[in-house]
Amino acid sequence: MGVFTVLTRCIVQPLSVVDDELVPKVGMTFTTLEDAGKFYRNYAKAAGFSTRVREGKWKSKISPTEKTNPTAGLNCAARIYIHTLKDVVLDHSHPCCPSKVEMLKQHRELSMSIRRTIENNDEAGIRPSKTYQSFVAAAGGHRELNFIEKDVRNYITREVRNVSEQEDAKEFGKYFLRMKEKNPNFFFELELEEDQSIKLAFWADARSRAAFEYFGDVISFDTTYNTNRYNLVCGSFVGVNHHGQSTLLGCSLMKNEEIDSFKWLFQCWLRCMGGNAPKEFLTDQCASMKRALEACMPTTVHRWCIWHIMKKIPSKLNGYKGHADIEQQMSHVVWNSHSKDSFDRNWNDFLVNFGLVDNKWLSDLYEDRHIWVPIYLDHHFWAGMRSTQRSESMHSFFNKYITRNSSLIQFVKQYDNCLGSREQAERESDAADFHTVIPCATKSSIEAQFQDAYTHAKFRKVQAQFRGKANCITRLKNSALGYSVYEVGEQVSSSIFDKFAVTYDSVAAEVKCQCLLFESRGILCHHALSVLSFEQVSQVSPRYILERWSKKVKRRHTHIKRSHDEPLMEPRSKRFDQLVFRSQNICEFASESEELTAILHRAYDNVMAEMEALKGKRKGTSSLSHEDANLESVNELQSPPRIRTRGRPKNRLGSKLEKQIANATKKKKTKVLSELMRECYIQINLFDAASAAHSSCSQYQGQVINYQFRVPAAGDNSLGV
């Protein structure tokens, strides 16, 4: 280990604001070159300028007219020389300002604590500006930080989100392997192009697969969201849980929206869910999707999103006179036709009255009325869904955190976050159902029956129907052998009553209403409740208390923990997180009093001194053999210092003849070279400038997982687990 000394006479005029202990002086000695550089940088920070290390003379290859970054302090004489007979010069050719030193790039740094916070906040979707403001608030002001907001943004861009396109697909695949390793029930399949690029991808975690058993009867699927830099389309399978909340049952990325792509996806999803097709399937108005569903799920009832269709009315009919009246009348026909026959009559009258008989868009809609008009579909159970807005709400979650430049691995991380938020919402609602009770609004024993059985969210829906009874007038039309037909008039405004036919079979304890609310949503309507009250029924048949909405069912998926992805971190980051986690309890305990805080400070001082002493002993040469090498030790390796040379290496091995010729031709120069070598010195020129030439080194980080898509056989371009 060498000793580096500042040796020379010195004429110094240091800044008066700098502590004398920080000012470089002739005769100072340092154990290592790094220590000397660190000492001078500390002085530079206190004095208000930045430095760089230079060995020999250096000149930038970039023309001053082409430089985009500003430079300062050119030709400044302030410098120190290490192990040389030169002066220590502390005079500057420019003003120094210690109060603005945090603005200089060299003195701005992000500690490990700051970096870990930035990484966690970015994954949680917190904007860089908010993250920076949290640091400002914690530190007590901008001046207390030794970095600026730009450093936070640069770290996110260069370190957190910097995934090359070549590595992105590999990281995407590694994510699937990690999740599969955490839980073997994690499912994924990839469809690849001939060049092994990703064409289609589908995945579902173990919890989602288990949840399908309870909530896979009705599915909403939507592909209206473009995700990332590759313009892949996101498709999400969304169900409704027992609280009426959206639950994710699988996700896909698609290169195109052709029929074959949808067929691959739907078949893949069915394999994932054990081959069980849902009873009802809700999508947007897409012909390719419709044909693929007919081929893959022929027994499933398909429904188009009515919201998308009604939204198109202004653009499709805007050219007609009185288009506002057309839109209003069409909506009335669609929503207020209580039988198929009445819809057909009302639709025909609507076309004739507005001269729309020849309108092709409306004609096509009428041909497909069985997959979008409510009266044609509401005798099936839809769990309250008539549109794909549940899928779109999931996409809006992604939209908060994903941009057009996002990588695949960023997308799956945000999908992880979305899964986590859905799981937490369900857990919170389950806990509320277990610990609290919503009081009944009436004295009805039927209401109490639902209070005991249903989740809070669904019981509130029941209570809304009980309140609606106040607007109903029930009239018996006819009755025979226990089978009664009622007409229930519902007052919808001061002068308008809607009439609904309700039947009640006292023998079978069965009630049916024309509005089909129970059939489509699983909640008894206020029309049916009015008839039950008229009949003085005290308890409804168990068929009207669906397990689908019950809070008493033990559902298997609630015991499956979502497999949150934990990317491989370098050992130092892992150790740091573990230490921070353990120290939180100690700090919380010590902060209760000044005495406890003082004890902890003394302990910190003692531990810090012990660690610095141990670190000092470790300096010097060491060895690493195959017997004691591990991933952690390899991660500690550093590249040797970079040596800039010109021409071929000086130590090139040549033949004996070449060496003799070289010796003969250089014999006369030996004495001169010897003299020059004795006078040779290493000049470490540290002077202020804003641009520096830094050597780059690569460090092995994290565990590498060998992952490679297999070469597909003929007719088989998929990889699935």
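Predicted model: local features only at pLDDT ≥ 70, side-chain atom pairs only at ≥ 80, totals over all residues.
The chain has 25 helices and 14 strands; helices (H or I, at least four residues) and strands (E, at least two) are DSSP runs, numbered from the N terminus. Of its 721 residues, 40% count as buried. Buried means under 20% relative accessible area, exposed means over 50%, and partly exposed lies in between, using a 1.4 Å probe and protein chains only. Contact means heavy atoms within 4.5 Å. Among contacts in the chain with a separation of 6 or more, 66% are between residues 24 or more positions apart.

Residues are numbered from 1 along each chain as its sequence is written, and side-chain values use heavy atoms, with hydrogens and water left out. Local features need pLDDT of at least 70 and side-chain atom pairs count only at pLDDT 80 or more, while totals for chains, interfaces and linings use all residues.

- Strand β3 spans residues 187-192, and six of its six residues are buried, so the rest of the structure largely encloses it.
- F187, E189 and E191 point one way from β3, while F188, L190 and L192 point the other way.
- Six bridges join β3 to strand β4 (residues 198-204), and the two run antiparallel. Two strands pair if DSSP finds at least two bridges between them.
- L190 stands opposite A201 in β4.
- Five residues lie between β3 and β4 in this hairpin, and Q196 in the turn has a positive phi of about 70°.

- D205 sits in the loop between β4 and α6 (206-215).
- D205 counts as buried, at 5% relative accessibility.
- The side chains of D205 and S208 are joined by a polar contact of 2.5 Å. A polar contact is a pair of N or O atoms within 3.5 Å; within protein, one must be able to donate a hydrogen and the other to accept it, and residues adjacent in sequence count only if both atoms are side-chain atoms.
- Not counting residues up to four places away in sequence, D205 touches N185, F186, L419 and R562.

- Strand β10 (residues 472-480) pairs with β11 in the antiparallel sense over eight bridges.
- A480 stands opposite Y483 in β11.
- This hairpin has two residues between β10 and β11, and L481 in the turn has a positive phi of about 55°.

**Aromatic pairs**

- Rings of Phe, Tyr and Trp (its six-membered ring) pair if their centres lie within 6.5 Å; planes under 30 degrees apart count as stacked, over 60 as edge-to-face and the rest as tilted.
- The count by this rule comes to 34 aromatic pairs. Y175 and F176 have ring centres 5.4 Å apart and planes at 55°, so this pair is tilted.
- Y175 is buried, with a relative accessible area of 1%. F176 is buried at 0% relative accessibility.
- F176 also pairs with W203, again tilted, at 5.5 Å centre to centre and 50° between the planes.
- F176 lies in helix α5 (residues 165-182) and W203 in strand β4, so the pair ties together parts that are 27 residues apart in sequence. Both F176 and W203 are buried.

**Aromatic cluster and F281**

- One aromatic cluster is formed by F187, F202, F212, F221, F237, F262, F266, W269 and F281.
- F281 belongs to strand β8 (residues 280-283). F281 counts as buried, at 0% relative accessibility.
- Not counting residues up to four places away in sequence, F281 touches several residues, including F221, F237, F266, W269 and W382.
- The C-alpha atoms of F281 and W382 are 8.7 Å apart, though 101 residues separate them along the chain.

**Charges over rings**

- A charge sits over a ring if NZ of Lys or CZ of Arg is within 6 Å of the ring centre and within 35 degrees of the ring normal.
- The charged end of R369 sits over the ring of Y366, 4.0 Å from its centre.
- The charged end of K458 sits over the ring of W549, 4.1 Å from its centre.

**Largest nonpolar core**

- A nonpolar core is a set of buried Ala, Val, Leu, Ile, Met, Phe, Trp, Tyr and Cys residues joined through side-chain atoms within 4.5 Å.
- The largest one has 36 residues, and F450, Y454, V511, L524 and L532 have the most contacts inside it.
- Elements that each supply at least two residues of this core include α17 (445-453), α18 (456-468), β11 (483-491) and β12 (497-505).
- The largest share of this core, four residues, comes from α20.
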